[in-house]
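Have the structure open as you read.

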Amino acid sequence: METAMAVLTGLFFATSLYLMLSKHIIRVLLGVAVLGNAVNLTIFTTGRLTREIPPIIPDDAVVPIDAIANPLPQALVLTAIVISFSFFAFLLVLVFRSYQELGTDDTDEMREAEPVDEPAPPLGY
Amino acid sequence: MATSTAPSVDLADAMVMTPPPMADYLVVAPLAIGFVFGALCLMTRKNTTRQPFIAITGLVLMLAADIGLFWHVLQNGTVVMTMGRWLPPFGITFAADMLGAVFALIGGIVGLAGGVYALDDVNQTGRRYGFYPFLLLMMSGITAAFLTGDIFNLYVWFEVLLIGSFGLLVLGSEREQLDGATKYALLNLLATTLFLLAVAYLYGTVGSLNMADISRKAASVRDTGPLFTIAALFLFAFAMKAAAFPVNFWLPASYHTPRIVVSGLFAGLLTKVGIYALLRIFLTLFDVERDMLAGAIAVIAAVTMVTGAMGALAQNDIRRQLGYLVISGIGMMLAGLALGSRTGLSGGVFYAAHSMVVMTALYFLAGIMGERMNGFALNKAGGLYSRMPWLAALALVLFLSVSGLPPFSGLWPKAYLVKASLDVGAWWLAFAILLTGLLTTIAVGRTFAFSFWRERNDGEAETVSTKGAVSGAVVGSLVGLTLLTVAVGVYPEPVIRVTDRIAGELLAPTGYVDSVFPADMTPAPGDGAAQEGETQQ
């Protein structure tokens, strides 16, 4: 089970890296979104996958009797999903605004903050 | 299940049964204050006259709590508090040792200076769009990152401070800002996501997220687990956050674009959180892996500091020049981490503290200079000395301080770092530190000569800059930070005593572990479900 998940997360990472290598910012953004999910699946897998054994403690016990599914990664993933989703929403707006202002989504042409023709510093008085 | 019969369980096995002393609440006080006042500012967002006073009150209280915490840690050692009464590996722990307390304290000082400077620099529109709430929330995130003792929690605080910094960065929505913010946001989010990935592998290997717990368990999984790989992943992620070469190109692309007060706060605070995380991870958690990676970190440090200084030499825009000086300072701190000796670490931490104050002050200075010169371009600069001789004096102090010349605060950490390099025979690292000092002196000396000594040569009449006197808030925050660097430079013994103690604590992480897990506490049964999963295979 872990092996299959490892292959799946590997595919996710490959996809996100490929997308992030693009010079079009919208693809980079999609790559970041896929990367977030790849990491979430990794967290989920590193907690070890135990199927169909819910982490519920019976009435008459105070600790789980058998091995149970690990609930902690789910809490971590939930936190990470919320954070990465809100960041993705912010980035989407930011990128759209800069597309509106700069008129391009090509990173090679986004030279507003670092102009190509910036003069060299003076060499003498 | 729903019956109210109390289970016959000894809660003392899993929970803290005695309430912590009141003084220990200081470890969560700064961020609680930050969040409360951040929320208050958000509520009074439209009242732009009252909002700054609420924010400044909040920042003053935060600084007071930071001072209290620093004093408490100085007297009583590491302060630990675990949320929700759970015993440490289960609850989220906040642990303030000397390192965290000092970073939080200087962060508080810089944050307050920024808040005061912003009284003049941020206009009504900026306030209405939430400058102060963003500032307070970012400050809470930064302080909490310095104080948390849980590695997943550290990730959460990184994201809190990151979203606050995004808000500050795009405030105003100029074309330049949007361009810079896009690069800053994407690359920083990538870095934090990679940090989260490293946390995931660490959790899968060690089965715990509490840093002290990881520290004491790391030795037992070192033979079987890929700890070296995980350490390298952390190094990559935090090097990106700290703007170390060659993953630092987001910094010069973005730091000069927002309002000058925001640039100053970013330069003082954000990259230093990355440095703090590196120190914490590599000394408290992975001391063995640090020894293995030391050579690589030393090379990164040397290249970062020299390329930073050369970048500063090549810039025409004063703000971009300062951005490269931030990078060059990061190299110095990484050198301290790479050396790993008591002297080296002491110098590295001292340099971080020095850099937080001086880089912020330099941006504030650049703000005043740019306003009086109608721009930040060096080739058009000039004529400041005749109009503002006092500013020339402040500028000279800060420029000498950032170059590491006596008698200001930059000298001592550099002397420590050079000595530590020579102690281990790393002459090339010592050479890089001294060369960086020389290049920095040339770069800032040139800025000083052109902006202050040269007459205006762009043909514009003097009338363009007959602006009113610089406001008291701006001068006050700049003078305050400058006095700090002078005081530390002239009288460094107390600071050196503190940084030496920090270095000692970092080199003996058992102290940190013991304060989170006191000897009289019963060891918790089992080690979390992840380990159960491991043994079950």
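This is a predicted model: local features need pLDDT of at least 70, side-chain atom pairs count only at pLDDT 80 or more; totals for chains, interfaces and linings use all residues.

Reading from the N terminus, the elements of chain A go α-α-α.

How does the radius of gyration of chain A sit against that of a compact globule of 125 residues? The globule would come in near 14 Å, while chain A has 23 Å. The C-alpha trace of chain A spans about 85 × 35 × 30 Å along its principal axes. Buried residues account for 26% of the 125 residues in chain A.

Chain B looks like another story, with 22 helices and two strands. A compact globule of 537 residues would have a radius of gyration near 24 Å, and chain B, at 23 Å, agrees with that. Here is how the chains line up on a few whole-chain values.

| Chain | C-alpha span along principal axes | Buried residues | Contacts joining residues at least 24 apart, among those at least 6 apart in sequence |
|---|---|---|---|
| Chain A | about 85 × 35 × 30 Å | 26% of 125 residues | 54% |
| Chain B | about 85 × 60 × 40 Å | 60% of 537 residues | 80% |

Now for where the chains meet. The contact draws 42 residues from chain A and 44 residues from chain B. On the side of chain A that touches chain B, the elements giving two or more residues are helix 2 (25-46) and helix 3 (72-102) of chain A. Helix 3 of chain A provides the largest share of that side, 14 residues. Sorted by class, the side of chain A that touches chain B holds 27 nonpolar, eight polar and seven charged residues.

One spot in chain A is worth a click. Asp66(A) sits in the loop between helix 2 and helix 3 of chain A. Is Asp66(A) buried or exposed? Asp66(A) counts as exposed, because it has 8 C-beta neighbours inside 10 Å and the cut-off for exposed is 12 or fewer. In space, Asp66(A) is 9.5 Å from Pro55(A), C-alpha to C-alpha, with the pair eleven residues apart in sequence.

## Helix pairs in chain B

Two packed helices are described by the angle between their axes and the distance between the axes. Two pairs in chain B can be read that way.

Take helix 2 (residues 51-76) of chain B and helix 5 (residues 131-147) of chain B: they pack at an angle of about 10°, with axes 10 Å apart. Helix 2 of chain B is therefore roughly parallel to helix 5 of chain B, as angles under 35 degrees count that way. Helix 2 of chain B brings Gln51(B), Pro52(B), Ala55(B), Gly58(B) and Met62(B) to the contact, and helix 5 of chain B brings Tyr132(B), Leu135(B), Leu136(B) and Met139(B). By class, the residues of this contact are seven nonpolar, two polar and no charged.

The other pair is helix 14 (residues 342-373) of chain B with helix 17 (residues 411-423) of chain B, packed at about 155° with axes 8 Å apart. That angle makes helix 14 of chain B roughly antiparallel to helix 17 of chain B. Their crossing is left-handed. Among the residues in contact are Gly344(B), Gly347(B), Gly348(B) and Phe350(B) of helix 14 of chain B, and Trp412(B), Pro413(B) and Tyr416(B) of helix 17 of chain B. The classes here come to seven nonpolar, six polar and two charged residues.

Most residues other than glycine have a negative phi, and most peptide bonds are trans.

Pro246(B) is in the loop between helix 9 (227-242) and helix 10 (250-254) of chain B. Pro406(B) and Pro407(B) are also joined by a cis peptide bond, with omega about 0°. Pro407(B) is found in the loop between helix 16 (389-403) and helix 17 of chain B.

Then there is phi. Arg85(B), not a glycine, has a positive phi of about 65°. Arg85(B) lies in the loop between strand 1 (79-82) and strand 2 (93-96) of chain B, and with 14 other C-beta atoms within 10 Å it is partly exposed. Ser173(B), not a glycine either, has a positive phi of about 50°. The loop between helix 6 (151-170) and helix 7 (175-206) of chain B holds Ser173(B), which counts as partly exposed with 14 C-beta neighbours inside 10 Å.

Note on methods
Residues are numbered from 1 along each chain as its sequence is written. Chains are lettered from A and ligands numbered from 1 in the order in which they are written. Axes are lines fitted to C-alpha atoms, for helices over the stretch in contact, and angles run from 0 to 180 degrees between N-to-C directions. Helices (H or I, at least four residues) and strands (E, at least two) are DSSP runs, numbered from the N terminus. Angles under 35 degrees count as roughly parallel, over 145 as roughly antiparallel, 65 to 115 as roughly perpendicular and the rest as oblique. Two residues are in contact if their C-beta atoms, placed from the backbone, lie within 7 Å. Ala, Val, Leu, Ile, Met, Phe, Trp, Tyr, Cys and Pro count as nonpolar, Asp, Glu, Lys and Arg as charged, and the others, Gly among them, as polar. The radius of gyration is taken over C-alpha atoms; the globule rule is 2.2 Å times the number of residues to the power 0.38. A residue is buried if 20 or more other C-beta atoms lie within 10 Å of its own, exposed if 12 or fewer, and partly exposed in between; C-beta atoms are placed from the backbone. A crossing is left-handed if the near helix is turned anticlockwise from the far one by less than a right angle, and right-handed if clockwise.
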